[in-house]
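Student: Could you take me on a close look at the main nonpolar core of this model, and then show me what else holds the chain together?

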Amino acid sequence: MSTSTPFTPARALISVSLLSATLMTAGCGGGGDEGSVAESQVTEAPRAGALAASTLAGRTWRAGQLLENGGTEVVAYKAGMADASGAVTAVFVQKIGSRYQLQAVRGTPGSAGTPPAWTAPAVISGAADPAMHPGNGTWDLGLSVAPGGRAYATWFVRRACTATTYIASPVATCNYLYGAAFDGSNWGVPELIADSPRNWGAPIPRINDSGDIAVLHEGWVAPGSTIGTQRVAVAARLQGQSSFARSVFADWTLQAAIGLGGDVDLQLDAARNLTVAGRNLRAGTGDIVARRGTVGGSFRAQEVIDAGSADASFLGLAAGPGGRSFVQWRQAPTGSSVPVIWGAASASATGTWAARNLGTSASAYSGWLQAPGSGAWAGSGLFHATTCQRTPWSAATQAWGAAQTLPAGCDAWRSSATQRAQAADGKLLWMANDGRWSSYDLALNQITRPLAAPGSTSAADTLFGFPISTLTSGRLFGFNLGNATLMVSSSGVGALVTSGTLASLPSAGTPGGVNGAVYNLWGWFLK
């Protein structure tokens, strides 16, 4: 599953790093190899057969389409892909007159001989302001799309507090967290999840193919309670239940400087296992910790994952099948002041954590984590410590392996002016801010579409058939694709959704497109 980063026009020129950061899971405290990766341990990744063909091969980008009723401002959006079909769900806040509506569209790639199709926008919530008050300039949408196509969207409604709600900030105004479920055909009625005096980062929803839901959000405080604000909290319910069970972690403070997504993350698997992992400030030092439980059950005690005494920085969380979890973080080893990248793996929902120093300087870090749920690497964890080197944790041996070197050409992916997407089976898709793109098949260890040199005019190498200028890219994608969401499925279908001020897209006759006055929502399929 691939999802977007929240976007507002006010942030259009701010680089959004979460889309190119790691997605991982937490852990330590258990046994495991804690030594660094020596050069002698670096090997080539398994080679693919000479005649093997990837489902990524031979694909091209189809013409982009406007996804909403142009002419009114799209102030925020989120998008995600169903891994099984390649269908895309996008939710967005659009200004209609003086009010705002939360709307949704769904796109399908179609067969080889038919063009992609997008539905007309459906209104999810419009009776009240479906997000934060517009004067605040923040919307904090959340979206999760399950492999089979179910989806769950979250948003804030800001209104006056009632006698049953919690501490107000500012006085007499509360943030009410709402959600709505998509069953593959229709959106359900919005439901209240929780209320909060503040919202430090967008809540993070998760949904599985059974329809079970969990939402990571800021914990609230009731007057007189010993549980203060700024606590990590999870609301969860089983498919068919009418209300959420809420867990507020009194021993886990949410740090305002980073907040949800940057400091802590949540994963939910098909077996209803929940893993929350991230940084917790304990006795003045940031530790990497986890809480694990189940939807419909309870959370177990907090686990400390990192083994060091230095302050740690969380990099992300990923979940494999059966409660398997993976995490990466940045921390200086014992006896050193130089931070390096660490990884940890837990083989089951109740297993211990095996940690490893990945041997990469934190200052040179430009990587991510993969936890494929299907395909040849299913159940394994791949810790990318640098762009062209990864360290695997094997599902077969349940142990760390030697570091592997990726195929030649992967160094082109390292630029900050690119965005990455990954499928459930580990396929990868890259796009540069001028529209050039690249793809990689994990099972075959093949770069199926090398990233072309800047200035390429090949239709197969670029989104539009020609490179676009920095000015045009900024208007369409934001700075370094900060407003764009790139997605790919295990079948090889890709998609791109973005919000920008272009009123019409670049073409051979008008390579810069036509700039407009408001932000519009555009979508493409790779098929």
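Tutor: In the largest nonpolar core, which has 23 residues, Trp61, Leu496 and Trp524 touch the most other members. A nonpolar core here is a set of buried Ala, Val, Leu, Ile, Met, Phe, Trp, Tyr and Cys residues joined through side-chain atoms within 4.5 Å; buried means under 20% relative accessible area, exposed over 50%, and partly exposed in between, with a 1.4 Å probe and protein chains only. Please keep in mind that this is a predicted model, in which local features need pLDDT of at least 70 and side-chain atom pairs count only at pLDDT 80 or more, while totals for chains, interfaces and linings use all residues. Residues are numbered from 1 along each chain as its sequence is written, and side-chain values use heavy atoms, with hydrogens and water left out.

Two or more residues of this core come from each of strand 30 (428-432), helix 1 (470-477), strand 33 (484-488), strand 34 (494-504) and strand 35 (514-526). Helices (H or I, at least four residues) and strands (E, at least two) are DSSP runs, numbered from the N terminus. Now look at Trp61 itself: leaving aside neighbours within four places in sequence, its contacts (heavy atoms within 4.5 Å) include Leu429, Met431, Leu486, Leu496, Trp524 and Phe525. Trp437, Thr462 and Leu463 are also among the contacts of Trp61. A second, separate core has 21 residues, including Val75, Tyr100, Ala151 and Val157.

Let's turn to the aromatic rings. The whole structure holds 14 aromatic pairs; rings of Phe, Tyr and Trp (its six-membered ring) pair if their centres lie within 6.5 Å, and planes under 30 degrees apart count as stacked, over 60 as edge-to-face and the rest as tilted. Phe249 and Phe299 make an edge-to-face pair, because their planes stand at 80°, with ring centres 5.1 Å apart. This pair links distant parts of the chain, 50 residues apart: Phe249 is in strand 15 (residues 245-253), and Phe299 is in the loop between strand 18 (285-294) and strand 19 (303-304). Both Phe249 and Phe299 are buried.

Another edge-to-face pair is formed by Phe326 and Trp393, at 5.6 Å centre to centre and 65° between the planes. Phe326 sits in strand 21 (residues 325-331) and Trp393 in strand 26 (residues 389-394), so their pairing ties together parts that are 67 residues apart in sequence. Phe326 is buried at 0% relative accessibility, and Trp393 is buried with a relative accessible area of 2%. Together with Phe383 and Trp400, Phe326 and Trp393 form one aromatic cluster.

There is also a covalent link to visit. The search of the whole structure finds one disulfide, a term for a pair of cysteine sulfur atoms within 2.5 Å. Cys388 is joined to Cys410, with S to S at 1.9 Å, and the link is right-handed, with 140° about the S-S bond.
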